[in-house]
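Here's a quick briefing to read alongside the model. Have the sequence and the 3D view open as you go.

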Amino acid sequence: MVVDEHILRIEPDGAPRATILIVPPLFEEANRTRRTLVLAMRALAAKGFAAAMPDLPGQNESIVALEDADLALWQATLAEIAAGIDGPLLVASVRGGCLIDHRVEAAGRWRLAPVGGSSLLRTLLRARVSADREAGVTSSLESLSEMAQHEPLLLAGNRLSPAMIAQLGAAEVQPVNPLRGVTLGTDGIAGAPLWLRAEPGEDAAMAEAIAADIADWSAACDVR
Amino acid sequence: MTDTAATVDATLRALLADILGLGEARAAALTEDSGLFGELPEFDSMAVATVLTEMEDRLGIVIDDDEIDGEIFETYGNLLAFSLRKVTD
């Protein structure tokens with residue numbers, strides 16, 4: 001498998017202690033969190049880590065059409081990209097990114113606010129129902145799910161294949177080891193769920209907290 | 001207000017603050033008559049979808065398509081009344 005996707009890499013001064021492969025949330029949630037995740041990558045570089053965030057096929061600068069992508073392709077692509085990275089590797093995934101990170105070979109995994117695929121799909125289908133209603137068209141989660149078995153659907157600007165929709169609807173976070181699972185709040189990372197926000201924001205303090213937590217976890221995984 | 005009503009009210013304000021980026025002060029200042037869809041520019045069809053899914057997750061309810069009409073999102077009061085009805089059903 002040949003992977004031809006852009007990878008945003010932020011390097012530390014000197015040789016990296018390890019590389020952190022960042023797997024962003026999926027679809028619109030990726031745009032809403034990108035600024036903060038890149039700030040976290042910069043903070044990781046300041047701590048001596050290299051940080052890499054690839055485009056998933058069909059997203060951002062990819063030359064693959066989103067309609068030709070599905071979760072299996074994203075999982076395989078990440079595994080391939082990880083295999084090409086020298087030195088110790090940790091994977092840090094956010095939200096829907098946690099659904100596609102388990103095929104990567106890594107010394108450890110870090111997951112922030114994982115979400116089931118069915119919940120993501122429900123929101124995408126509802127956005128379509130809501131947009132249809134505004135346009136005077138009647139649709140429902142059921143009628144759209146039925147259509148999605150035979151033809152691609154345009155959901156909130158994403159043209160998704162029947163395979164993608166079926167895989168997303170069934171996708172659950174897979175058990176991996178070693179894993180640090182992190183949520184938002186007093187026991188985890190302080191900050192608001194930026195991935196839900198209608199208009200993208202950014203949070204430098206949250207980015208610092210993410211980087212600090214990943215750095216601590218890398219030490220626990222014996223990646224120093 | 002009963003305990004349940006107070007909890008649902010707080011949950012709803014928090015999720016609107018998260019999704020619409022209102023900030024705590026604006027979320028706390030919402031009244032029964034505060035307009036939502038059509039009034040708040042951030043409240044687009046994607047935000048409506050996100051609000052429904054977050055309501056299900058945070059309130060532990062399931063919302064069917066045919067329960068949704070435009071009125072629910074007209075005002076904060078309407079959304080609160082709908083949520084309370086779902087939680088106590």
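A residue counts as buried here if 20 or more other C-beta atoms lie within 10 Å of its own, with C-beta atoms placed from the backbone. Keep in mind that this is a predicted model.

**V8(B) and its surroundings**
- V8(B) sits in helix α1 of chain B.
- V8(B) has 23 C-beta neighbours inside 10 Å, so it counts as buried.
- Setting aside neighbours within four places in sequence, V8(B) is in contact with L59(B), L80(B), S83(B), L84(B) and V87(B).
- Take L59(B) from that list: it is 51 residues from V8(B) along the chain, yet their C-alpha atoms are separated by 7.3 Å.

**Helix α3 of chain B**
- This helix covers residues 45–59, and at 1.5 Å a residue its 15 residues should span 21 Å; the end C-alpha atoms are 21 Å apart, so the two agree.
- Its buried residues are M46(B), A47(B), V48(B), A49(B), T50(B), V51(B), L52(B), T53(B), E54(B) and M55(B).

**The largest nonpolar core**
- This core has 86 residues, and those with the most contacts inside it are I20(A), I22(A), L44(A), L90(A) and I214(A).
- At least three of its residues come from each of domain 1 (7–115 + 173–220) and domain 2 (117–172) of chain A.
- Not counting residues up to four places away in sequence, L44(A) touches I20(A), F49(A), A51(A), A211(A) and I214(A).

How values were computed: Residues are numbered from 1 along each chain as its sequence is written. Chains are lettered from A and ligands numbered from 1 in the order in which they are written. This is a predicted model: local features need pLDDT of at least 70, side-chain atom pairs count only at pLDDT 80 or more; totals for chains, interfaces and linings use all residues. Helices (H or I, at least four residues) and strands (E, at least two) are DSSP runs, numbered from the N terminus. The expected span of a helix is 1.5 Å times one less than its number of residues. A residue is buried if 20 or more other C-beta atoms lie within 10 Å of its own, exposed if 12 or fewer, and partly exposed in between; C-beta atoms are placed from the backbone. A nonpolar core is a set of buried Ala, Val, Leu, Ile, Met, Phe, Trp, Tyr and Cys residues joined through C-beta atoms within 7 Å. Domain bounds come from an automatic or database domain assignment. Two residues are in contact if their C-beta atoms, placed from the backbone, lie within 7 Å.
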